[in-house]
Amino acid sequence: MTDDVSFADGSYISAFDFAPGLYTFVVEAGERGAMTVALDGFERRYEADGEAQFTAYLPDGAEITLEGGILRPAKDEQYFVEDEVYEYVGTGRLLIGSVGTTFYIRALEDSDEAMYEVSCLLYDEGFDEPMRIQKLAPGESAGVRLYPGDFILVVDCVLEATFSHG
C-alpha cells in the first residue's frame, strides 16, 4: 500500500492498494475516462469525455475501477483558492476548502447535459443522497451556497466564486 503513486486502468481496493482518503481522478484533454466506486451495495460513477477532474473520498474497502484517466492522492492545490476569484469550466467534482461562499453556476451554451449536484462526505461513504441536483438549460445560471467539506459536481458548466476575508 502506498500514498505517493498514481493509478491507471484497472481495479483496486481502498485500504489494500492504497490508503482510504481523498483522491482526484484526472482525465486529460482529448481523452475519455471513468471511475466507478462500489461499496456495500452503492455505486458511484464519474466519467468525462475530455479534460476533467473528480475529487472523491474513497472509503475503506471500496472497489475502484478506472477506465482511462489517472487517480492520484488529492493535493491542497486541488481545493478551491480562497483569496481571489475562482473559475472552473467543464466537467468535474470539486471539494470546497475551509471558507464557504456562494458559487455561481452557468450552463455552457452548447450543452444539453448541463447540471450540478451538491453532496457531502456521507454520500461518498454510501450513507446519504445528494443534497441538491439541478439540471440547467443551455446558458441558464444558478447560485448555490456551499460550505467547507461540501462537494460539487458540475457537468458542462462554468463554476465561479469570489472569496473575500473581512
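**Close-up views of salt bridges and cysteines**

**View 1. R45 and E67 form a salt bridge with an N to O distance of 3.2 Å.** A salt bridge here is a side-chain nitrogen of Lys or Arg within 4 Å of a carboxyl oxygen of Asp or Glu. R45 belongs to strand β4 and E67 to strand β6 (residues 63-67), so the pair ties together parts 22 residues apart in sequence. Strands are DSSP runs of E with at least two residues, numbered from the N terminus. R45 is partly exposed at 38% relative accessible area, as is E67 at 39%; buried means under 20%, exposed over 50%, and partly exposed in between (1.4 Å probe, protein chains only). The model is predicted: local features need pLDDT of at least 70, side-chain atom pairs count only at pLDDT 80 or more, and totals for chains, interfaces and linings use all residues. Residues are numbered from 1 along each chain as its sequence is written, and side-chain values use heavy atoms, leaving out hydrogens and water.

**View 2. R106 and E160 are joined by a salt bridge at 3.8 Å, N to O.** R106 sits in strand β9 (residues 101-107) and E160 in strand β13 (residues 151-162), 54 residues apart in sequence. R106 has a relative accessible area of 34% and E160 one of 28%.

**View 3. R32 pairs with D49 in a salt bridge, the closest N and O atoms lying 3.3 Å apart.** The partners come from strand β3 (residues 32-39) and strand β4 (residues 42-49).

**View 4. C120 and C157 are buried.** Their relative accessible areas are 17% for C120 and 0% for C157. The whole structure has 0 disulfides (cysteine sulfur pairs within 2.5 Å).

Key
Helices (H or I, at least four residues) and strands (E, at least two) are DSSP runs, numbered from the N terminus.
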